[in-house]
Amino acid sequence: MADELEKKLNKREQYKARLKPYDYFKEFDTLDFDSLGEGDRYYLQDFGIFNTDFLEDEFTVRLRNGGGRFSHEQFSFLADLVQKYELTLVITARGGFQLHDVYADDLKEIWHKLNDNNLSTWQSFGDNIRNIVTDVYDGVHPCSVLEVHPLIEEMHQFILKNPKYVGMLPRRVSIGISGNSANVNSFFANDIYFALAKKGTEYGFNVYMGGKNTEIAKDINIFLKYEEVFDFFKAFVSTFYTHGSRFSRSKTRLFYMIESIGIEKLKSLMEQEFGKDFTSAGELQLEHKDFEEFETLKDGTYAYCYQSNFGKIEPKEVQEIANFAQENKLSLRVGIDQNIYILGLKEKSVPFSSPALSSSIVACAGNLCPYAVWSIKEEAQKYLPLEKIYKHRIKVGFSGCAKGCGRHRHTDIGLIGLKTNNFGDTDGGARVFIGAEHDNGQSVARQLFSMVPFVHLKETITLVVVLFEQSNYKNFQLYAHNILRHYSEDFLALWHLYNLKNSLQISLEKQENPMSEQEELALLQTHFKDFYLEEQSMKKSVSKLVKELWSVEGKDPHYKPPIKRVNFR
């Protein structure tokens, strides 16, 4: 019976059934990193090491640090290490660091140096509770009601290096918690989000579950007091460990468990572990705020947001920030927006400037990751209207592939890197999404275009921003809520396309209710005299128009005709 059950387990679970990751770690120092097998690659993720079979001699090492808090000593050590081994350093979208270009011969030595110097790599990949994130202004900003860092440390201490749980969950779990009423970034993309709430006169947290890069975490009608959060966390971990699916790998996230058994059944299972009845949700305490480069803190000092180069950062930058923090006794934090925050400044002044306008842009690792199809960190500079995005604090998520590490569905404007030959020879471009209501977790962004070639991306995104500017709403989410959500995806695509085709900037009209297809068609015909409905289908009209605009030889100056290939068979 046990043998039959094991055969039904997904491949990773079959390895776990034979040898637990914690026991595998005993062999770590004897491993030959030049000749790893499939099982080795699975296990090593539990200790922060990632490698693929098609880049056998190159590794990525990921650090974890609860709440993104670092000391200047850690920054300085990291800068020296990266420089010594000629590594590439990236800030992750979970408020930590990732080291790329680590070679097999150096891996063991680098790994030990990190972990011996209070820079943990444990359980930062694999089927684990990943780095627990919070707002960078936790406990220090006027909008901070409850400081949650002690809770994060308590949760981390429970899970880290715990033999029962190291790599042994059915799938990875991302957790966000914030006691702030206004966050630098939304946390609704997490599997679990503890959001600031108030019940009666007491502040605590409403619980949201089932989020992921393409889904919003849903309100499960639970309010927790501050002192109940850790017990709830333990109840969840035990429940997911015991009852989560370990079969089809594509259905093992918490989202699918909720889809399979229902939220009430999950709550019932957790309640048994929790030891008492759950309390119904309180009133969510979230508001929109656009943060400035310098922010005034509770104690009258200032914080400075050092904007990284879309997540990529040079060792000399890290060292300069570390030296400045040490000399002036300042605190350092890394945000899930991939920027570094310097806290405790006496004046609104720092002796350096940011290398990019990236404070509201989250980008995945790009071509540093084997799954990405293009290099985000270089393309962002060329293909986005950065000044306009920065001016309006528009949230942008940049993912190099459909895995969505840039959280593109949880932003005002989202992009996925693609390659296609639909517009001539194979070239790069982006799928475009707009209009998530991410502050309060109301909706993910909707698709605007399935593919925009790179050479037309800046013009297209600029138009999106200009139409927002003309709406006179204070932020893009208000624009999405009051205008974009009342129109269909196909209509929005056609509206932007006809504006592009005719070099116009005609704004969208505010509607009290969602429009019918006939009303949308009438609106298009009124504003664009050359509008034509292809085969009575808006979707087919979109398809025809994008090819007309972006792939017609002689009309599109960027068009590259397909290469004529010879078939020798």
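1. D127 counts as buried in this predicted model, at 2% relative accessibility. Its side chain meets that of R249 in a salt bridge, 2.8 Å from N to O. R249 itself is partly exposed, with a relative accessible area of 24%.

2. A second pair to look at is R69 and D138, whose side chains form a salt bridge at 3.2 Å, N to O. R69 belongs to strand 3 (residues 69–70), while D138 is in the loop between helix 6 (104–116) and helix 7 (149–159), 69 residues away. D138 is buried, with 0% relative accessibility, whereas R69 is partly exposed at 23%.

3. In the pair R393 and E292, also a salt bridge (3.2 Å, N to O), the arginine is buried at 14% relative accessible area and E292 is partly exposed at 45%. R393 lies in the loop between helix 13 (386–391) and strand 17 (396–399), and E292 in the loop between strand 10 (283–284) and strand 11 (294–296), so the bridge ties together parts 101 residues apart in sequence.

4. Shared partners join E13, K16, D127, R246 and R249 into one salt-bridge network. The whole structure has 20 salt bridges.

5. On the nonpolar side, the largest core has 63 residues, and those with the most contacts inside it include F491 and L508. Beyond its neighbours within four places in sequence, F491 contacts L508, E520, L523, L524 and M538. A separate core of 50 residues includes I49, F75, A322 and L332.

Definitions and conventions
Residues are numbered from 1 along each chain as its sequence is written. This is a predicted model: local features need pLDDT of at least 70, side-chain atom pairs count only at pLDDT 80 or more; totals for chains, interfaces and linings use all residues. Side-chain values use heavy atoms; hydrogens and water are left out. A nonpolar core is a set of buried Ala, Val, Leu, Ile, Met, Phe, Trp, Tyr and Cys residues joined through side-chain atoms within 4.5 Å. Buried means under 20% relative accessible area, exposed over 50%, partly exposed in between (1.4 Å probe, protein chains only). Contact means heavy atoms within 4.5 Å. A salt bridge is a side-chain nitrogen of Lys or Arg within 4 Å of a carboxyl oxygen of Asp or Glu. Helices (H or I, at least four residues) and strands (E, at least two) are DSSP runs, numbered from the N terminus.
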